[in-house]
Amino acid sequence: MSRLDLYLKNCSVACVSARKNCGMHTDVALVTNLDIPATYKEVLKQAGVKILQFEFDQFTFESSYTWSLAFYKLCALLHAVEELDYDNYAFMDSDVYVQTDFSEIWKECQEKIMLYDICHGLQIEDYQRFLKEVREFTNKDALGITHYGGEFFAANKENARLFVAKCLEVYREMMEKQFK
């Protein structure tokens with residue numbers, strides 16, 4: 001099995017489980033910059049999952065940058081909040097199974113942006129590397145900063161727009177400083 005097939009199978013499980021379990025008043029979409037093969041497209045459409053194609057034209061880095069593809073989520077969010085009209089927006093990784101209604105998530109989004117806290121402790125090497133990168137970028141001590149992952153995001157329309165605008169500011173600063 002190719003990496004793409006494995007990825008699309010994961011996406012299909014995540015999207016179909018979300019469509020079946022997240023609630024009747026929640027649209028579910030696979031947002032991608034790829035052409036989805038007919039086999040997967042059929043599975044998704046039969047389940048009521050929308051397929052939205054947005055170009056990867058924002059938050060781009062040279063392809064040699066290890067995390068460049070991870071920034072597609074921010075690009076997709078930017079396009080979603082600019083081009084779609086929803087009260088709330090959420091995204092999640094492709095390797096999930098949604099097992100419950102999103103009504104409590106949407107309630108919490110009325111006041112908060114929800115992000116996944118990776119919960120790294122100071123002793124974890126990845127967290128130390130993250131803190132070092134934040135210090136290098138900001139020229140400030142980063143101790144105590146929370147390391148949120150890109151696995152899950154949810155917010156109301158206004159907060160989603162504010163979030164993506166702030167992300168664009170940071171991205172542009174990174175480009176100016178040639179920082180990765």
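Asn-159 is found in helix α6, which covers residues 157-177, where helices (H or I, at least four residues) and strands (E, at least two) are DSSP runs numbered from the N terminus. The model is a predicted one, in which local features need pLDDT of at least 70 and side-chain atom pairs count only at pLDDT 80 or more, whereas totals for chains, interfaces and linings use all residues. Residues are numbered from 1 along each chain as its sequence is written, and side-chain values use heavy atoms, with hydrogens and water left out.

At 16% relative accessibility, Asn-159 counts as buried, the term buried meaning under 20% relative accessible area, exposed over 50%, and partly exposed in between (1.4 Å probe, protein chains only). When neighbours within four places in sequence are left aside, Asn-159 is in contact with Cys-109, Glu-111, Lys-112 and Ile-113, contact being defined as heavy atoms within 4.5 Å. Helix α6 as a whole has 21 residues and reaches 30 Å from its first C-alpha to its last, close to the 30 Å expected at 1.5 Å a residue, the expected span of a helix being 1.5 Å times one less than its number of residues. Besides Asn-159, the buried residues of α6 are Ala-160, Phe-163, Val-164, Cys-167, Leu-168, Tyr-171 and Met-174. These buried residues pack against α3 (72-83), β3, α4, β4 (114-117), α5 (125-138) and β5 (148-156).

Helix α1 was examined in the same way. The buried residues of α1 are Leu-8, Cys-11, Ser-12, Ala-14, Cys-15, Val-16, Ser-17, Ala-18 and Arg-19, and what covers them includes β1 (29-32) and α2 (38-46). The axes of α1 and α2 come within 10 Å and cross at roughly 5 degrees, axes being lines fitted to C-alpha atoms, for helices over the stretch in contact, with angles running from 0 to 180 degrees between N-to-C directions. The two helices α1 and α2 are therefore roughly parallel to each other, and this contact is made by Asp-5, Leu-8, Lys-9, Ser-12, Cys-15 and Val-16 of α1 together with Tyr-40, Val-43 and Leu-44 of α2. In this classification, angles under 35 degrees count as roughly parallel, over 145 as roughly antiparallel, 65 to 115 as roughly perpendicular and the rest as oblique.

Just after α1, Gly-23 takes a positive phi of about 120 degrees. Val-28, in the loop between α1 and β1, is buried, with a relative accessible area of 8%, and touches Cys-15, Ala-18, Arg-19, Cys-22, Gly-48, Val-49 and Lys-50, not counting residues up to four places away in sequence. In strand β1 itself lies Thr-32, which is buried, with a relative accessible area of 5%, and which touches Leu-52, Gln-53, Phe-54 and Tyr-72 when residues up to four places away in sequence are not counted.

Aromatic side chains were considered next. Rings of Phe, Tyr and Trp (its six-membered ring) pair if their centres lie within 6.5 Å, and planes under 30 degrees apart count as stacked, over 60 as edge-to-face and the rest as tilted. By this rule the count comes to nine aromatic pairs. The rings of Tyr-86 and Tyr-89 have centres 6.1 Å apart and planes at 90 degrees, so this pair is edge-to-face; Tyr-86 is partly exposed, with a relative accessible area of 27%, whereas Tyr-89, at 6% relative accessibility, counts as buried. One aromatic cluster is formed by Phe-59, Phe-61, Phe-71 and Tyr-171. Within the loop between β2 (50-53) and α3, Phe-59 is buried, with a relative accessible area of 1%, and has a positive phi of about 55 degrees although it is not a glycine.

A positive phi of about 60 degrees is also found at Asn-139, which is not a glycine. Asn-139 is located in the loop between α5 and β5 and is exposed, with a relative accessible area of 67%. The charged end of Lys-177 sits over the ring of Phe-137, 4.7 Å from its centre, the criterion being that NZ of Lys or CZ of Arg is within 6 Å of the ring centre and within 35 degrees of the ring normal.
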